[in-house]
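Here is a short briefing on one protein structure. Keep the model open as you read, and look up each residue in turn.

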Amino acid sequence: MSMKIFTAEQIRSWDQFTISHEPISSIQLMERASMAVAHWISEHCKNHKKLAVFCGNGNNGGDGLAVARILYLKGFDIDVFISDSKKKFSEDASVNLKRLRDLSGISVRKFDPDEHYTFDDKTIIVDALFGTGLSRPLEGEHKSLVEQLNTKKNIKISIDIPSGLSPDEMFDNNAVIMKADYTLTFQCWKRTFLHPETGKYTGKVEVLDIDLSKIYADTTDSVYSVIDDQLIESIFVPRQDFSHKGSYGKAAIAAGSYGKIGAAVLAVKSALKTGAGLIFVLAPECGYEILQTSCPEAMFIKGGEKFILNFEIEDDFICGIGPGLGTHQETEKSFLSFLKSYKRSLILDADALNIISKNPENLKLIPKKSIITPHPKEFERLFGSTADSFKRLELARQKAKELDIYIVLKDHHTQVITPQANVFYNITGNAGLAKGGSGDILTGILTSLYAQKYSEEHTCILGVWLHGRAAEIASEKHSKESVLPTDVIDAFGSVFEELNRKAARNL
């Protein structure tokens, strides 16, 4: 079971369903959510004892008012600011405003966008202005308030979603949105947290479990989900004691050209380290010594002198093609004729995709159920440009369905798109992967997992997760700036240890 991503509307129904089936009143549910936020803040903000809580009139403001009360009783110094607009508070928010006003010691003030707030360094700003119900960009006093708060250096924590952000779509590019350091969101990720244009406002996202109905989550459909640990544990298959190399498949990686043999090395090393039984590398003669020295476990097949000129791969191999291939004319000709005759699904990356993108007709040559791994620029060459990453993803869903292929769309949160047009967002990894060579590693991982008989969907999901998790471990050791693709490959062992430990616990 992956963690589904629900829309604002589905989240509202999820609350209602929980209220009617648990049964629990809406004010009790608000209290449960606020307790979770207050608990997180008191656990993680031990050096800060002052909070300035900005509350809107809706239920998000109600959460803020309840959080203020709970944290005040835990010994925090609290200032609460509420809107001066004539709009009435929601029923649950006004209950919480009354509860708050019954306590002496908390100042509740109307916020005035013309006033220049000054907070000392130890004050945390809590944003509870607007929740997931916002359907248009901020305007008026709220807009000027958020603009002002965004200039402050104080740590900012948004409850459920940064105010001004829609959970499901991108407003326009000039919308004013709270720039949070932390977003404490309820129960599930929101789509806008996972796209670069809107995700930059959330800071670090913490998903707080507030026990919304599991039945609703299980029975409600969503095409979007997040790859979480639970999903990975259900996919990963530990190795059996009485197995042999034949049990783990044969993989071939076609990669490299003069000056780009390093890409082939990275792809092959990462395929070796992720468990395929037998690995061959099809590369030009100029890479022979480099590959045999750096990857002695892989067997070499000569594909040409300085470029690959013949793609001859036996049928029982799983094949990954593209890293460092170059787009030499002869390589192009040979690769396209190989595609015309090859029937099994392939893993295609980098220059393999660049060659295909030269003519839209070539897209039809990609074997069904193949996995392609474009970064945004390669995607654009293949399928055309889009206005933003949300529209790009919709185009990818359409193309995956049309061509019956899997698209691994590389980004800060890589998306796996299936031929059924379902989307899995990956949340492991970090900026340490923003280096040449990272994509070559992913090609090696995917080729190796697919050779080990994981399904195409599981190959993609486990592959991008593993790649990201290894980057996290490597960055802890070497820092995001200094981490190299080879360090990421070296961290695979630690990731498999983690997975095996979890698998052993679940037996």
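Strands and helices here are DSSP runs, numbered from the N terminus: helices are H or I with at least four residues, strands are E with at least two. This is a predicted model, where local features need pLDDT of at least 70, side-chain atom pairs count only at pLDDT 80 or more, and totals for chains, interfaces and linings use all residues. Residues are numbered from 1 along each chain as its sequence is written, and side-chain values use heavy atoms, with hydrogens and water left out.

**Strand β5 and its partners**
- β5 (residues 123-128) and β6 (residues 156-159) run parallel, joined by three bridges. Two strands pair if DSSP finds at least two bridges between them.
- β5 also pairs with β2 (residues 50-55), in the parallel sense, over six bridges. There, Phe54 stands opposite Asp127.
- Six of the six residues of β5 are buried. Buried means under 20% relative accessible area, exposed over 50%, and partly exposed in between (1.4 Å probe, protein chains only).
- Both faces of β5 are covered. Thr123, Ile125 and Asp127 lie on one side, and Ile124, Val126 and Ala128 on the other.

**The nonpolar cores**
- The largest nonpolar core has 67 residues, and Phe54, Ile321, Phe335 and Leu348 touch the most other members. Such a core is a set of buried Ala, Val, Leu, Ile, Met, Phe, Trp, Tyr and Cys residues joined through side-chain atoms within 4.5 Å.
- Helix α14 (residues 389-403) gives the most to this core, with five residues.
- Apart from it lies another core of 57 residues, including Tyr454 and Leu499.

**Helix α13**
- Glu378, Phe379, Leu382 and Phe383 are buried in α13 (residues 376-383).
- Seen down the axis of α13, these buried residues fall within an arc of 110°, so they line one face of the helix. The arc is that of the directions from the helix axis to the C-beta atoms.
- Just after α13, Gly384 takes a positive phi of about 105°.

**An annotated site**
- The unreviewed UniProt entry marks a "binding site" at Lys410, Asp411, His412, His413, Thr414 and Gly439. Such annotations may be inferred rather than shown by experiment.
- These residues span 30 residues in sequence, yet no two of their C-alpha atoms are more than 13.9 Å apart, so they gather at one spot.
- Asp411 is partly exposed, with a relative accessible area of 24%.
- His412 counts as exposed, at 53% relative accessibility.
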